[in-house]
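Open your viewer and get the selection tool ready. We will walk from one stop to the next, picking residues as we go.

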Amino acid sequence: MEVTIFETNVETERIADQLIIYLQKIIPDFQINFDLEDCDNILRIEGSRDVSALVIKRLNAKGIYCKPIP
């Protein structure tokens, strides 16, 4: 399994929940969650392949800042 972590500007559970639903429609075989208590408002995605570019593109299109954390 590949785990990718992103810094985001998501600040509320409501928006995080909406984005998880949105992303699960695009990549249904992945585990997706947010850690909004972290200072970087972490988005964590776990799955079988690298979908970083797809996730960044889709979230940026919705006005969400999303940057991978190495």
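Contact here means heavy atoms within 4.5 Å, and buried means under 20% relative accessible area, with exposed over 50% and partly exposed in between (1.4 Å probe, protein chains only). Helices (H or I, at least four residues) and strands (E, at least two) are DSSP runs, numbered from the N terminus.

A word on what you are looking at: this is a predicted model, in which local features need pLDDT of at least 70 and side-chain atom pairs count only at pLDDT 80 or more, while totals for chains, interfaces and linings use all residues. Residues are numbered from 1 along each chain as its sequence is written, and side-chain values use heavy atoms, with hydrogens and water left out.

Now show side chains on α2, residues 52-61: S52, V55, I56 and L59 are the buried ones. They lie on the same side of α2 because they cover an arc of only 95° around the axis, taken from the directions from the helix axis to the C-beta atoms. Turn to the face pointing away from that buried side, and you find A53, K57 and A61 exposed.

Step past the end of α2 to G63, where phi is positive, near 85°. While you are here, select K62 and Y22: the charged end of K62 sits over the Y22 ring, 4.4 Å from its centre. This label requires NZ of Lys or CZ of Arg within 6 Å of the ring centre and within 35 degrees of the ring normal.

Next, how many salt bridges does the count come to? The count is two, each being a side-chain nitrogen of Lys or Arg within 4 Å of a carboxyl oxygen of Asp or Glu.

- Select R49 and D29: their closest N and O atoms are 2.9 Å apart. This pair links distant parts of the chain, with R49 in the loop between β3 and α2 and D29 in the loop between α1 and β2 (31-35), 20 residues apart. R49 is partly exposed at 38%, and D29 is partly exposed at 46%.
- Select R44 and E46: here the closest N and O atoms are 3.3 Å apart. R44 is partly exposed at 30%, as is E46 at 23%.

Finish at M1, in the segment before β1. M1 is exposed, with a relative accessible area of 77%. Leaving aside residues up to four places away in sequence, M1 touches E46, G47 and S48.
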